[in-house]
Amino acid sequence: MIIKKNKPVIETRRNVLKTLAIGAGAAAGASILPGFVRYAQAQSSAPIKIGFQVHRTGIGAAYGRWYDRTTMAAAKLINDNGGINGRPVEIVAEDDGTDPKRGAEVVEKFATQHNCDIGFGTLFSHVVIGSAPRAGELKLPYFVVSEGHHVASGMLNRYTLQPGITDVKSQVQAMAPFVASTLGKKVTMIFPDFAFGHDHRDYFSAAVEAQGGEVLAKIAIPPTESSFTKYFPQIPSGTEVIYHVMVGPAVLTFVKEMGEFFGPNRPEIFGFIDSLEAVDLGSSGLEFLEGTYFWEGNPRYAQADQSEHDKFYREAVGVDDNGASISDPKDVSTYSHMFGCWETLHIVKAGMEAAGYQGPADRAKLIEAVEAMTDMPLSREHPQGAKRFNGKTHQTFGHQYISRVESGRLVLAHTTSIEDTLYPDETDYTTQSF
Amino acid sequence: MDLGPYLFLASLEGAVTAAVLALTAVGLSLVFGVMRVVNVAHGEFFMLGAVLAWWVASLAGGHPAIGFALAVLVAPVIAGAIAAAADFIVLKRLDYDPENTIVATIGILYIIQQTVLMTYGPDARPVEAPFSYRIYFPWFGYSAYKLFVIAAAVAILLGVWAIMARTRIGLVLRATQLDRETAQAFGIPVERVYALVFGLGAGLAALAAVLIVPIQQAHYLMGGDPLLLSFIVVIIGGLGSLSGTVVAAIIIGMSDGIISVFFTPTLAKIIATLLVAFILVFRPTGLFGTRSA
């Protein structure tokens with residue numbers, strides 16, 4: 001009896017607790033449910049918002065203009081083919097002024113104000129380095145198109161990925177054998193004095209030394225510099241090859257003044273096309289480049305063996321066979337970099353589809369889906385060439401191109417294999433928690 | 001490279017810097033000397049000159065020399081007219097109060113910069129040099145146009161000197177500089193003189209930019225460096241002293257060229273800024289300045 005008497009009391013208490021729990025659950029359910037239902041209804045039509053961090057002003061403006069055109073063309077293509085998971089893609093563009101501080105603010109705006117699903121599209125390495133930590137804190141997947149080695153080096157976080165463009169370390173490593181064997185072993189490097197340039201300095205000098213070459217001098221130039229002749233006397237007289245890479249609004253001045261300085265007695269010259277991205281190769285003062293070599297991320301001039309995919313991509317973005325805008329032949333594209341936006345958006349689409357992405361709650365699933373990717377064949381989605389993505393380091397690897405200036409055009413001279421660009425992993429982001 | 005040619009190249013580079021700097025800084029110094037206005041927007045008038053030069057040159061077409069010649073004539077006049085208008089609309093209403101005009105010219109700086117960004121765009125655009133001849137010394141090649149810049153700047157500075165020293169306008173300017181109220185009492189239209197001086201100062205900066213734009217390129221952010229260097233030069237030379245400004249421009253330009261070539265451009269800027277600090281501490285009136293009344 002006593003037990004019997006006690007039992008109901010206990011049961012009652014339990015029941016109360018249960019009822020409370022159910023009530024609380026129901027209340028929570030009731031409060032969540034309408035929202036959920038609304039969301040489920042909206043699912044078929046609400047756009048996937050992609051925050052596009054674009055260098056519309058500042059020293060990266062020329063790149064920004066073309067990153068914008070490429071991104072819009074890729075989004076249009078995706079939308080014309082039914083969007084992502086049946087939802088349209090909406091590009092929310094914000095100018096970061098090519099400024100790291102502004103970059104972090106833009107990322108914050110994407111996450112909290114625009115309610116973007118992801119952030120995307122940053123190029124300049126100092127802006128990426130300034131923005132990525134904030135993206136990590138806000139748990140916003142951040143797909144950069146930057147070339148910097150900072151992703152693969154482990155410097156950033158699990159939310160930052162670079163699946164659509166190769167990094168400087170792999171590029172220069174693939175260039176070093178060509179430079180050392182074809183052009184010369186005594187190299188002088190000229191590079192911009194910030195993270196991107198330092199990647200060149202560190203990884204190219206290591207790579208060329210591995211080829212039995214030697215870097216005689218490393219000349220760093222501030223990316224905002226406007227006059228360059230004063231730097232050229234630092235080039236040692238024994239230099240066989242000048243290795244140059246420059247960015248910013250004054251790149252044309254840089255290359256012109258290099259030509260003026262050397263005159264007809266120039267050493268061999270190997271440049272990264274960054275030094276002349278968005279610049280017409282026919283500009284007066286660039287004649288001396290005839291016979292010199294350039295790294296290209298993607299050949300600017302349509303080559304004899306142009307793939308159908310490059311043809312399609314060129315047309316979709318509005319670029320002619322000389323790498324300039326269809327509407328203005330003087331408006332030269334940043335062809336070696338902007339394909340990264342196109343490819344990254346298609347990777348985001350593939351990742352969201354693989355993850356069954358519904359909304360911000362699935363951000364971790366999206367990252368895991370992209371991390372699981374490996375080989376990406378040459379295709380309409382990857383017009384620059386096949387890629388191999390490393391999910392641990394969040395970095396993609398791909399073919400690199402070396403072109404020679406012939407009659408004022410860049411003609412493809414050598415294509416590296418993907419294997420030429422590989423290096424051992426330096427980090428494993430998949431071990432970081434979300 | 002041997003020391004001799006090395007020094008030769010450094011001096012050439014320094015002379016180009018000095019020439020352009022002297023023109024820009026004389027404009028700034030003139031405005032301060034006559035109006036007692038610290039024009040923070042001076043670098044933007046420089047930029048405006050370069051952008052207008054691009055605009056004129058791209059409209060002109062034909063041989064690059066035609067576009068360049070037109071730019072030399074048109075760009076400084078338009079930049080000067082804009083400056084004169086800014087003086088009339090803004091600075092005059094502030095009664096040229098020293099503190100207020102600094103803030104106002106900062107505002108003008110942003111208005112000009114952002115207007116150029118919105119219209120001309122964020123790109124760097126080249127203007128072709130009137131001639132592309134190169135001189136090949138035994139050790140290095142050098143653009144003949146840069147030597148032309150030096151010569152042109154010297155000629156323009158001589159012209160400015162002649163105007164100030166030998167013409168009636170110069171007399172009026174000097175009178176206004178010496179004592180505004182007395183000048184007014186003697187029937188000098190001080191307000192119009194001020195507008196003229198502000199326009200002239202901006203015009204000189206714009207002219208310097210027209211000369212430099214075939215070497216560099218026109219870009220909406222290019223006004224920063226000339227502004228900083230002009231201030232350095234004007235402070236070292238003595239605020240309001242034109243001859244002091246020219247001497248200081250030669251010192252700063254040459255040392256910038258030589259230090260940049262032998263060491264680094266950053267060191268050149270550090271030394272120039274340090275020099276300003278020492279001048280302010282030990283000789284606040286500058287090398288050639290006189291104590292203002």
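This is a predicted model: local features need pLDDT of at least 70, side-chain atom pairs count only at pLDDT 80 or more; totals for chains, interfaces and linings use all residues.
Visitor: In which loop is A:Ala361 found?
Guide: Residues are numbered from 1 along each chain as its sequence is written, while chains are lettered from A and ligands numbered from 1 in the order in which they are written. Helices (H or I, at least four residues) and strands (E, at least two) are DSSP runs, numbered from the N terminus. On that basis, A:Ala361 is found in the loop between α9 (335-355) and α10 (363-371) of chain A.

Visitor: Is A:Ala361 buried or exposed?
Guide: A residue is buried if 20 or more other C-beta atoms, placed from the backbone, lie within 10 Å of its own, exposed if 12 or fewer, and partly exposed in between. A:Ala361 has 9 other C-beta atoms within 10 Å, and therefore it is exposed.

Visitor: What distance separates the C-alpha atoms of A:Ala361 and A:Asp117?
Guide: These two residues are 244 residues apart along the chain. The separation of their C-alpha atoms is 9.3 Å.

Visitor: Among contacts in chain A between residues at least 6 apart in sequence, what percentage join residues at least 24 apart?
Guide: Two residues are in contact if their C-beta atoms, placed from the backbone, lie within 7 Å. Chain A comprises ten helices and 15 strands, and buried residues make up 51% of its 434 residues. Of its contacts between residues at least 6 apart, the share that joins residues at least 24 apart is 69%.

Visitor: Which element supplies the largest share of the side of domain 1 of chain A that touches domain 2 of chain A?
Guide: The domain bounds, which come from an automatic or database domain assignment, are 48-166 + 337-398 for domain 1 of chain A and 168-296 for domain 2 of chain A. Their centres, taken over C-alpha atoms, are separated by 29 Å, and the contact takes 14 residues from domain 1 and 15 residues from domain 2. On the side of domain 1, α2 (61-80) and α4 (125-137) of chain A each supply at least two residues. The largest share, three residues, comes from α4(A).

Visitor: Over which residues of chain A does pLDDT stay under 50 with zero contacts beyond four places in sequence?
Guide: Chain A averages a pLDDT of 89, and 90% of the residues score at least 70. In residues 26-42 of chain A, pLDDT stays under 50 and the model has one contact beyond four places in sequence. The stretch under 50 with zero such contacts is residues 1-10.

Visitor: Where does A:Asn115, a residue other than glycine with a positive phi, lie?
Guide: Phi of A:Asn115 is near 50°. A:Asn115 is exposed because 12 other C-beta atoms are within 10 Å. Its place is the loop between α3 (100-113) and β3 (118-120) of chain A.

Visitor: How many residues does chain B give to its contact with chain A?
Guide: The predictor gives the complex a pTM of 0.82 and an ipTM of 0.81. The elements of chain B that give two or more residues are α1 (3-35), β1 (134-136), β2 (141-143) and α10 (242-262). Chain A contributes 21 residues to the contact, and the contribution of chain B is 26 residues.

Visitor: Why do the buried residues of α6(B) lie on the same side of the helix, and over what arc?
Guide: The buried residues of α6 (168-178) of chain B are B:Val172, B:Leu173, B:Thr176 and B:Gln177. The face turned away from the buried side carries the exposed residues B:Arg168 and B:Leu178.

Technical notes. pLDDT is the predictor's confidence in each residue, from 0 to 100.
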